[in-house]
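Dear colleague,

Please find below the structure I promised to hand over, followed by notes on what was found in it.

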Amino acid sequence: MTHTFAAQLNSLLAALILLSAFALLAQRKIMGLVHIFAWQGLLLSLSTAVIGYASGEHHLYISSLLTLGMKVILLPYILYKLVHKLKIHRDIEAVVNVPTTMLLGIILVVFSYHLTAPIRELSNLMTRSTLAVALATIMLGMLMMVTRRHAVTQILGFLAMENGLFFAATSATYGMPMVVELGVALDLLIAAFIFGIFFFHINTTFESLDVEQMAKLKETD
Amino acid sequence: MAQELVSPSTLIFTATLLAAFSGALLLVPRFLNASRGQLLATVAMLTASVLGLTGSVAVLLSGRTELFQLSWTLPFDQPEIGIDPLSAWFLLPIFLIPGCAALYARSYWHADNYPHNVRKTTFFFGLMSGFMGAVTVARDGITFLFAWEIMALAAYFLVATEDEKPEVSQAGTLYLITTHIGTLGLFALFSLLTLTVGTWLFPAVGSLDASSPIASALFLTALFGFGMKAGIMPFHIWLPSAHANAPSHVSAAMSGVILKVGIYGIIRTLSFFHTIPLWWGALVLLLGVVSGISGVAFAIGQHDLKRLLAYHSIENIGIIFMGIGVALIGQTIGSHPMVILGCAGALLHVLNHATFKALLFLGAGSVIHATGTREIDLMGGVARRLPYTALLFGVGAVAICGLPPLNGFVSELLIYLGFFRGIQESGVAAAATALAAPALAVVGGLAVACFVKVYGIVFLGAPRTEEHAAHHEAGWQMLAPMTVLALVCAVIGLAPALLGGLLQRATLTIFPLTAPLDTLEQLTSLAPLTSVSLMGVLLLVILGLLLPWYLRRLRSAPQGATVTWGCGYQRPVARMQYSASSFAELLTGLFAFVLKPQVHRPGVARGIFPSVTNFHSHVPEAVLELIYTPALERLYARFQPIRHMQNGILQQYVLYILITLVVLFLSDYL
């Protein structure tokens, strides 16, 4: 596998990651979202492995495996269990309708490419072109948090942002130091436990997982 | 000179630590039962007092200055602690008052009566006392702020001892807010100071030029930050409610000493400067006059015994400020007598106010303990049931009024003499001091009126209600500390010359000499301290001679039980006696433009069978209720549109983050 081929393969995977980020914005069903999230994790894991192979940074294989374990198997499994336990299969409401969200997403992607243009000029890594995608994934994750009302989608948006960050790290510098990645993985795991607990509490307190209910928590004058 | 066994500084540091952690064992649940733990803490506090007082007096006698470096690993300069006569002077009340108050608490706040809060109160009381000492020995900004914050927070927990009562928890919150605003001022002060001198260590005495703009900023932030803690008008808003709602021994320590730590901060900051501009002194003097007069005016209108005493603290802080103001003006115009008299007066009043105010608060605590209320208008006739408390409270009242032969007289005399020295000068200095002297006289006069009211209504007459008639004299653990404080008042009042040298040494650490000491006038020659003693003794002898005659007259007078101020009614009842409000009505009326008293007066009922009517008057905390609260409410209303941004909707918060992120990215291109 030559470098050019690896770079092209990586670009393809980046494109698919971007596609999955848009799919997250468009999907209305919670189970659908969980599946897309798992696919995004898989793509991320593959991309990390490819970069690891092509650059000779072998610690990226461990990152890749970690991603596979965490984001493709464990987190989707936890979310899947939660969705079943809390019985939330129905369609979920968005604050902004899907076409508008997609248009906003496109603007953010263009913006990301514009932002990373100077970095692409400077960098000589083969992954430099995918940095824009990574940034776009972060922004799209955030957009998802802004436009959705359900607590589970908030978390999925957050996890998608984390995927974007991870991808940015591999694209910009061939990954973070091992210690940092292990730490991040542990954090994610703990976050998963915490949001699991919170979901139950929010659900019992408000009898709903609509985060707009939480506005009731605000101190009134 | 004989080799000393333990150096005074070691004594002081040991005492500080011992006091700070005297209640630590109580925090371990089930390790020690509360009563025994309280006893242990009291013993530790008393030991700390004895050690600390010995150390402080030794430092004051020798007049030496010592510095120690602490080794720690925080990323600031090497911290330093030190002892000099100024610190030692402030350590006197810091060790004396909490020691007395701790013994008092053993009976007043006994573990058996307050099982659910005695542990925290005892612990925080020790912590507060110890870290007050730490504040005065700190010699760099960081150590100072650490000690200051621990002291201030410990005091919060003490104020909020009975936080299940809404008014107590409100008073605590008000205190917490104001103390943090004050600390904000101190952060500004020490940051500016560090910028100026390039290190966190305190600069040497008189090493900074006071004429630069940054020096003025330092002075103003110090005045704000420390003034907040000292309770100077108009930063006193926390003080009345905090003092009134804390347990009495805590009020005694707070009013007696914590306020003084604020004064210490101001004096320490002032000592860094030379060539002090005239307006500094004038401003301090003005604040002193305002605090003095308005403090006592507010006090006269109060019905709550402890609130009343709290307002007197504001008045006395005003008197101390007047002394500092005189000293600063003297420093500016180069008048050595003014510096010595003003500063010595202020420092002596620090010690005096600590002793007699603590005495009064402890006395008030005994009265409240016996009657079960803080309302002056419900008490009456306490002197018959609590004769010792009445006597000791009387000593405190005479002392706080500045009457001979007690200590309040001496310190006020020194400040008066400073004023008179100033009047002999020319220009602004003469004008300022000439205007301040009558103000101090007004303060003294009003204080007498106020304490005649308190003593007359609370201790004399007959009990107004059976429910709140005093039942029992306080125990020895409450009387002993009060006796000690009363004796200190008397000794300072009768033999002020004992303290002359110590005061002069403490003064000279703040305002260094401009000429050799021998060529300048000494405190003992500036103030007639010996005549004060002679006059005091003479007064006591005259009183002693008049006493048998008075007692004989009393015996020969017709005896009969009736109500005081019966006014010739056929069947007077106790409720007809003068009340606190009626006694003070004339004076509150005079000061109505500041006090804004609220009077509910429905009019006298007419007819043969008049219906029930009632009269109600109240002097609010005018500065808080008429200035700060409306100002804050207006600010709140003004910012209402911005508060819509914070609407509790999660998505919008994330949107704010997204927008901020995008704007930050974009700002790179602009």
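Two residues are counted as in contact if their C-beta atoms, placed from the backbone, lie within 7 Å. The model is predicted, so local features need pLDDT of at least 70 and side-chain atom pairs count only at pLDDT 80 or more, while totals for chains, interfaces and linings use all residues. Residues are numbered from 1 along each chain as its sequence is written, and chains are lettered from A and ligands numbered from 1 in the order in which they are written.

Leaving aside neighbours within four places in sequence, Met151(B) is in contact with Met128(B), Phe131(B), Met132(B), Val135(B) and Val261(B). Met151(B) also belongs to the largest nonpolar core, where, among 219 residues, Met151(B) and Leu359(B) touch the most other members. Such a core is a set of buried Ala, Val, Leu, Ile, Met, Phe, Trp, Tyr and Cys residues joined through C-beta atoms within 7 Å, buried meaning that 20 or more other C-beta atoms lie within 10 Å of a residue's own.

A second, separate core has 54 residues, including Leu18(A), Leu140(A), Leu143(A) and Met144(A).

Turning to chain B as a whole, 53% of its 670 residues count as buried, and its C-alpha trace spans about 90 × 75 × 65 Å along the principal axes. Among the contacts in chain B with a separation of 6 or more, 80% come from residues 24 or more positions apart.

The domain assignment, which is automatic or from a database, gives chain B domain 1 (276–513 + 523–550) and domain 2 (639–667), and the centres of these two domains, taken over C-alpha atoms, are separated by 56 Å.

With best wishes

Conventions: A residue is buried if 20 or more other C-beta atoms lie within 10 Å of its own, exposed if 12 or fewer, and partly exposed in between; C-beta atoms are placed from the backbone.
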